[in-house]
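Here are my notes on the ligand site and the pocket, in the order I'd go through them. Have the model open while you read.

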Amino acid sequence: MSYISVRHAHKEFINNGAPLTILEDINLDIERGEFICLLGPSGSGKSTLLNAMAGFELISSGSITIDGEPVKAPQLRYVTVFQNYGLLPWRTVESNIALGLESKGVPKSERAAIVDKYVTMVGLGHARHRYPAELSGGMQQRVSIARALAVDPDIIFMDEPLGALDALTRIHLQDEISRICREEGKTVIFVTHDIEEAVVLADRIVLLSANPGRVQTIIPVNIIDRTDRTSASFVNIRNHIFEQFQLAREDKIEFYI
Ligand SMILES: Nc1ncnc2c1ncn2[C@@H]1O[C@H](COP(=O)(O)OP(=O)(O)OP(=O)(O)O)[C@@H](O)[C@H]1O
Ligand SMILES: [Mg+2]
């Protein structure tokens, strides 16, 4: 069995008193050390699927297992970067990054060096003593990424963690996240609706279509130099995904006619 296994996952929410299917028959097999991007339009159920894999939401039917164990609740070995950052407002940048280290029981003497490494990596050394309310959205996002990487988890679930960043910071952090997660052999499930971001980061891209959320196709990304966004292989994959999006849209247009 694969490391993370999603079998016939189905999710319904009650909407105005009637059940509405959000995820329909999702099947995924993810191996240890893989970097997976969930890519799809708004409302295709990316966050719902991610939250179900991370144990924050239960599916209506089907199964999700990690390392052979059914997912029932969030676990300390896995860490989630939420779409809304999830920082504690009464803690400084440094102290937010240290949060997971405290839960994990890392001795105080070791914490400072780890916090320093990650606060520097996300470019917030100068803001380390500030509180979340004193940071921009992009800075808060970077704190939550640093906090997730600092605890050295087995799996990192990330929900659009770079959405609020300017283009240059975003490119820098894409390259850093890709490098660190690959060097350290992390298993990563990363939600995005940005095609280029998925190509830079993913070993495989799971393309979701909307209404209800389904796996439209899974695209392997075999690029040698991921940092070169102009290479022929990069552009080919990007165009291929773009075509898949167009196909999904044309299907819907026919449906409405
Ligand atoms: N708690 C809930 N109750 C009812 N409907 C919900 C709930 N959570 C999500 N939904 C619906 O499920 C669908 C998928 O939502 P989800 O947040 O998973 O999408 P998404 O792909 O992450 O979108 P985005 O890119 O905008 O973040 C949406 O239509 C949303 O309205
Ligand atoms: Mg979402």
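Predicted model: local features only at pLDDT ≥ 70, side-chain atom pairs only at ≥ 80, totals over all residues.

1. Now for the polar contacts. The side chain of Thr48 has an N or O atom 2.5 Å from an oxygen atom of ligand 1. For Lys46, a side-chain N or O atom sits 2.8 Å from a ligand 1 oxygen. With Gly45 it's the backbone: one of its polar atoms is 3.1 Å from an oxygen of ligand 1. As for cover, ligand 1 on its own has 640 Å² of accessible area, and the protein covers 63% of that.

2. On to the largest pocket, which holds about 380 Å³ of space. Its lining runs to 20 residues, and the ones nearest the centre are Leu76, Tyr78, Val79, Thr80 and Gly100. Strand 6 (78-81), helix 2 (93-104) and helix 4 (137-150) are the elements that each give two or more residues to that lining. By class, the lining has 12 nonpolar, 6 polar and 2 charged residues.

3. Where does the largest pocket lie relative to the domains? Domain 1 (1-77 + 155-257) and domain 2 (85-152) both give residues to its lining, so the pocket lies between them.

Terms used: Residues numbered from 1 in each chain as written. Chains lettered and ligands numbered in written order. Heavy atoms only, no water. 1 Å grid on protein atoms, 1.4 Å probe; cavity = no way out; pocket = protein on both sides within 12 Å on 5 of 7 lines; lining within 4 Å. Points joined across faces, edges and corners; volume = space filled by probe spheres on them. Helix = DSSP H or I, 4+ residues; strand = E, 2+ residues; numbered from the N terminus. Nonpolar A, V, L, I, M, F, W, Y, C, P; charged D, E, K, R; others polar. Domains from an automatic or database assignment. Polar contact = N/O pair within 3.5 Å; in protein donor to acceptor, adjacent residues only side chain to side chain. Areas by Shrake-Rupley, 256 points an atom, 1.4 Å probe, with all protein chains shown as cover.
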